Amino acid sequence: MNRQRAEEIAQSANMKNVTYNGKQVYIQYVSDQNETARVFALDDTENEFDAQLAQLNEKSGG
């Protein structure tokens, strides 16, 4: 996923279907220092982590 799209999703009020390693995640914010985003899995909201933007995928139609 490119940085601009990740930032758009993070700022969107609507939930997007974004996955990381096959798990649906929520993007909290995109890092200014590197190509990562702070995310958490929807089935494990307490476990935040940094994910490489290149590893995030948006599924259309959702």
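Guide: L56 counts as buried, with a relative accessibility of 1% (buried is under 20% relative accessible area, exposed is over 50%, and partly exposed lies in between, with a 1.4 Å probe and protein chains only). The model is predicted, so local features need pLDDT of at least 70 and side-chain atom pairs count only at pLDDT 80 or more, while totals for chains, interfaces and linings use all residues. Residues are numbered from 1 along each chain as its sequence is written, and side-chain values use heavy atoms, leaving out hydrogens and water.

L56 sits in strand β5, residues 56-58 (helices, H or I with at least four residues, and strands, E with at least two, are DSSP runs numbered from the N terminus). Once neighbours within four places in sequence are set aside, the contacts of L56 are M1, V18, T19, Y20, V25, I27, A37 and A51 (contact means heavy atoms within 4.5 Å). A further distance concerns T36, which is 20 residues from L56 along the chain: the two C-alpha atoms are 9.5 Å apart.

L56 also belongs to the residues with the most contacts inside the largest nonpolar core, a group of 13 residues; V18, V25, I27, A37, V39 and L53 are the others named in this way (such a core is a set of buried Ala, Val, Leu, Ile, Met, Phe, Trp, Tyr and Cys residues joined through side-chain atoms within 4.5 Å). The elements that contribute two or more residues to this core are α1 (3-11), β1, β2 and β3. Of these, β3 is mostly covered, as 5 of its 6 residues are buried.

β1 pairs with β2 (residues 23-30) in the antiparallel sense over 3 bridges (two strands pair if DSSP finds at least two bridges between them). Here Y20, a contact of L56, stands opposite K23 in β2. The hairpin of β1 and β2 has 2 residues between the strands, and N21 takes a positive phi near 50° there.

β2 in turn is joined to β3 (residues 36-41) by 5 bridges, again antiparallel, and the hairpin between β2 and β3 runs through 5 residues. Y29 has R38 in β3 as its bridge partner. On the other side of the pairing list, R38 stands opposite D50 in β4. β3 and β4 pair antiparallel over 6 bridges, and their hairpin leaves 2 residues between them. In a regular strand, side chains alternate between the two faces of the sheet.

The structure holds 2 aromatic pairs (rings of Phe, Tyr and Trp, the last by its six-membered ring, pair if their centres lie within 6.5 Å; planes under 30 degrees apart count as stacked, over 60 as edge-to-face and the rest as tilted). In one of these pairs, the ring centres of Y20 and F49 are 5.4 Å apart and the planes stand at 50°, so the pair is tilted. Because Y20 lies in β1 (residues 18-20) and F49 in β4 (residues 44-52), the pair ties together parts that are 29 residues apart in sequence. Y20 is buried at a relative accessible area of 18%, whereas F49, at 23%, is partly exposed.

Finally, the whole chain. The protein chain has 1 helix and 5 strands, which run α-β-β-β-β-β from the N terminus on. Its radius of gyration is 10 Å, close to the 11 Å that the globule rule gives for 62 residues, so the chain is as compact as a globular protein of that length (the radius is taken over C-alpha atoms, and the rule is 2.2 Å times the number of residues to the power 0.38). The C-alpha trace spans about 25 × 25 × 20 Å along its principal axes. L56 is buried, and 29% of the 62 residues count as buried. Among contacts with a separation of 6 or more, 35% come from residues 24 or more positions apart. The chain exposes about 4,200 Å², of which carbon and sulfur atoms supply 38% (Shrake-Rupley method with a 1.4 Å probe; for residues, only the protein chains shown count as cover).
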